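Here is a short note to read alongside the model, with a few points to follow one by one. Please keep the structure in view as you go through them.

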Amino acid sequence: MLIFERLVVRKMVLETPYEMAQGVAERFRTIRKEKKITLKEVTARSGVPYSTIRRFESKGEISFLAFVKITSAIGEDDAISRLFADHIPESIEEVIRGNRR
C-alpha cells in the first residue's frame, strides 16, 4: 500500500497525506497574513528562498528543515516544539491509567 493511498481519520474527516500538507500550508499562509508578514520578510528572516515558500503555500511541498525555519520566522516556534512533545496528563485518572500500562 502506498502512503498516498492511506487515509487518516481526523475529527471524523478522511484526509490523505497530500490533503493534510495542503491544510498545513493554508494555515501557515493564514497566520502569516494575520500577522501582516510578507513572503519577502519570511525569506529574509528564515533564509529560505522565496520560491520555496511560494511552492509550500500553493502546493504544500517543503523540506522539514525549511518548514521549521519559516515557521520560526513567523513566530510560531512553539507549534513545532509541540509537534511530538510528551503528553501531559490532564487528570489524576489519566496518570493512574497511564501507570497501569
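**Notes on the aromatic rings and a helix crossing**

1. In this predicted model, F67 counts as buried because its relative accessible area is 17%, and the cut-off for buried is under 20%. F64, by contrast, has a relative accessibility of 52% and so counts as exposed.

2. Both F64 and F67 belong to helix α4, where they sit three residues apart, which is about one turn of the helix. Their ring centres are 6.4 Å apart and their planes stand at 40 degrees, so this pair is described as tilted.

3. The structure holds three aromatic pairs. In another of them, the rings of F28 and F56 have centres 5.5 Å apart and planes at 70 degrees, so that pair is edge-to-face. Since F28 lies in helix α1 (residues 17-34) and F56 in helix α3 (residues 50-59), the pair ties together parts that are 28 residues apart in sequence.

4. F28 is counted as buried at 5% relative accessibility, and F56 is buried too, with a relative accessible area of 2%. Through ring pairs, F28, F56, F64 and F67 are linked into a cluster.

5. How do helices α2 and α4 cross? The axes of α2 (residues 39-46) and α4 (residues 64-73) come within 9 Å and cross at roughly 110 degrees, which makes α2 roughly perpendicular to α4. The crossing is right-handed.

6. Where these two helices touch, V42, R45 and S46 of α2 meet K69, I70 and A73 of α4. The residues of this contact comprise three nonpolar, one polar and two charged.

Technical notes. Residues numbered from 1 in each chain as written. Predicted model: local features only at pLDDT ≥ 70, side-chain atom pairs only at ≥ 80, totals over all residues. Heavy atoms only, no water. Axes fitted to C-alpha atoms, helices over the stretch in contact; angles between N-to-C directions. Helix = DSSP H or I, 4+ residues; strand = E, 2+ residues; numbered from the N terminus. Parallel < 35°, antiparallel > 145°, perpendicular 65-115°, else oblique. Left-handed = near helix turned anticlockwise from the far one by under 90°. Contact = heavy atoms within 4.5 Å. Nonpolar A, V, L, I, M, F, W, Y, C, P; charged D, E, K, R; others polar. Phe/Tyr/Trp six-rings, centres within 6.5 Å; stacked < 30°, edge-to-face > 60°. Buried < 20%, exposed > 50% of the residue type's maximum accessible area, 1.4 Å probe, protein only.
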